[in-house]
Amino acid sequence: LEIEYGTYIGVIPLLFALWFFIASFRLKEKDSRLLFFRWAAILSFLLALGSLSPFRFVGFEPSLWIFSAPARWLLIATFSLSLFAGFGFDALFANIKVLQRILKFLVPVFVGIIIIGNIALYFLPSVVTHPKLVSMLASAQLSSISLLSLYTYIPLILLLSLPYMILHRNAKKIVLALTVLDLVIIAGTTTPTISWKAILEEPTSIGGLPHKVKNHQARIYSL
């Protein structure tokens with residue numbers, strides 16, 4: 001769960017983002033911003049797949065093979081999804097009936113995906129032979145997609161309670177508060193522990209810079 005490998009923006013925001021992402025294709029008035037971030041999300045996600053990217057399979061990847069961690073492209077996908085989550089939040093809370101109808105459909109679907117995913121995690125490793133996929137499945141068996149992980153139950157509880165939460169008069173605030181709680185739990189338990197002293201101290205690499213740079217008489221240019 002290192003930061004460059006995740007598109008996790010919170011379970012509820014991800015639902016809003018996915019709904020609005022799909023709904024944006026059917027909007028009569030085309031917004032150039034939505035078009036830009038839609039393609040930014042799609043392309044960056046495909047590039048982030050690295051050796052499993054469709055660009056690799058067709059032998060076309062414009063110089064991107066030189067990156068040591070293609071998954072860092074997910075930064076762009078995550079940012080785009082965050083915007084779609086905000087648009088979806090506003091649009092759905094403007095029409096609670098539509099939100100209720102969508103949740104009645106989405107919640108069982110997502111719970112079903114989790115159940116099917118866990119069945120797949122149990123059976124697929126004995127069938128799959130591709131080394132990359134085998135490695136991914138082994139990792140997934142210990143991660144938050146597996147029911148063996150406590151993290152899986154956080155989104156499950158949020159999903160199952162969401163249809164009832166939106167009926168409350170402070171529904172927006174409750175949803176936002178739960179999203180913050182969800183993200184804090186993930187951030188607090190997956191972020192590497194670094195002391196404040198290490199963060200605030202001047203890095204040793206600074207000591208090797210030319211005297212003019214340290215005295216603000218010269219600039220460092222980076223490409």
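User: Quick one to start: of the 223 residues of the protein, what percentage count as buried?
Analyst: 30% of the 223 residues count as buried. Keep in mind that this is a predicted model.

User: Okay. How many helices and strands does the protein have?
Analyst: The protein has 11 helices and zero strands. Reading from the N terminus, the order is α-α-α-α-α-α-α-α-α-α-α.

User: And what box do the C-alpha atoms fill?
Analyst: Roughly 65 × 50 × 40 Å, with the box taken along the principal axes.

User: Charges next. How many positive and negative ones are there, and how far apart are their mean positions?
Analyst: There are 18 positive and 9 negative charges, and their mean positions sit 9 Å apart.

User: Let's go to helix packing. At what angle do helix 1 and helix 7 pack?
Analyst: About 65 degrees, with the two axes 9 Å apart. Helix 1 covers residues 11–23 and helix 7 covers residues 153–165.

User: Which residues meet there, between helix 1 and helix 7?
Analyst: From helix 1 you get Val-11, Ile-12 and Leu-15. They meet Pro-155, Leu-158, Leu-159, Leu-162 and Met-165 of helix 7. By class, that contact of helix 1 with helix 7 has eight nonpolar residues, no polar ones and no charged ones.

User: Is Thr-179 buried or exposed?
Analyst: Buried, because its relative accessibility is 12% and the cut-off for buried is under 20%.

User: Staying in helix 8, why does Ile-185 count as partly exposed?
Analyst: Ile-185, also a helix 8 residue, has 31% relative accessibility, so it counts as partly exposed. That class lies between the buried limit of 20% and the exposed limit of 50%.

User: Switching to Ser-44. Where is it, and is Ser-44 buried or exposed?
Analyst: Ser-44 has its place in helix 2, residues 32–48. At 2% relative accessibility, Ser-44 counts as buried.

User: Which residues does Ser-44 touch, again skipping those up to four places away in sequence?
Analyst: Trp-73, Ile-76 and Ala-77. As for Thr-78, its C-alpha atom is separated from that of Ser-44 by 9.3 Å, and the two are 34 residues apart along the chain.

User: How far apart are Asp-90 and Ile-174?
Analyst: 15 Å in space, C-alpha to C-alpha, and 84 residues in sequence.

User: One more on the whole chain. For contacts between residues at least 6 apart in sequence, what percentage join residues at least 24 apart?
Analyst: 66% of those contacts do.

Definitions and conventions. Residues numbered from 1 in each chain as written. Predicted model: local features only at pLDDT ≥ 70, side-chain atom pairs only at ≥ 80, totals over all residues. Heavy atoms only, no water. Axes fitted to C-alpha atoms, helices over the stretch in contact; angles between N-to-C directions. Helix = DSSP H or I, 4+ residues; strand = E, 2+ residues; numbered from the N terminus. Contact = heavy atoms within 4.5 Å. Nonpolar A, V, L, I, M, F, W, Y, C, P; charged D, E, K, R; others polar. Buried < 20%, exposed > 50% of the residue type's maximum accessible area, 1.4 Å probe, protein only. Lys, Arg positive; Asp, Glu negative; His and termini not counted. Charge placed at Lys NZ, Arg CZ, Asp CG, Glu CD.
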